[in-house]
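I opened this notebook page to record what I looked up in one structure. The entries below follow the order of my checks.

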Amino acid sequence: QGEYPGDYGWDSAGLSADPETFAAYREAELIHARWAMLGALGCVGPELTGDSSLAPNPWFKQGALIFQDGGLDYLGNPSLVHAQSIVAVLACQVVLMGLAE
């Protein structure tokens, strides 16, 4: 039995052999988990609220809105972020993730 959550003492790939590398892997996993939680919230949130202004389309079609003529409006408000390029969306996501940290 190990000392970390989910550590049952079995590490066939040797990922935890070096403590510094193991710490870096743990931090990377935390960041990935936070991205996943924000993604899940973005998928489920508009569906649960039933607010059609936030989600005029189902969650799985929202990403395609950036390629339409009108572009993509965050939270349905064109004055917040009116993105018509994938680079602008990426920049906004990085800032939001930084704020979540």
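This is a predicted model: local features need pLDDT of at least 70, side-chain atom pairs count only at pLDDT 80 or more; totals for chains, interfaces and linings use all residues.

I looked up the second largest pocket and noted about 470 Å³ of space in it. Of its 16 lining residues, Pro5, Asp7, Ser16, Phe22 and Arg26 are the closest to the centre. A pocket is here an open set of points on a 1 Å grid over the protein atoms alone, where a 1.4 Å probe fits, with protein on both sides within 12 Å along at least five of seven lines; lining residues have an atom within 4 Å of a point. Points are joined across faces, edges and corners, and the volume is the space filled by probe spheres set on them. I sorted the lining by class into 8 nonpolar, 3 polar and 5 charged residues. Asp, Glu, Lys and Arg count as charged, Ala, Val, Leu, Ile, Met, Phe, Trp, Tyr, Cys and Pro as nonpolar, and the others, Gly among them, as polar.

Residues are numbered from 1 along each chain as its sequence is written, and side-chain values use heavy atoms, without hydrogens and water.

I recorded 2 helices and 2 strands, in the order α-β-β-α from the N terminus. These are DSSP runs (helices H or I, at least four residues; strands E, at least two), numbered from the N terminus. Of the 101 residues, 10% count as buried, that is, under 20% relative accessible area with a 1.4 Å probe and protein chains only; exposed is over 50%, and partly exposed lies in between.

Ile86 lies in helix H2 (residues 86–100) and counts as exposed because its relative accessibility is 52%. Ala100 also lies in helix H2, but is partly exposed at 46%. I found its C-alpha atom 8.3 Å from that of Arg34, 66 residues apart along the chain. Gln68 sits in the loop between helix H1 (19–49) and strand S1 (72–73).
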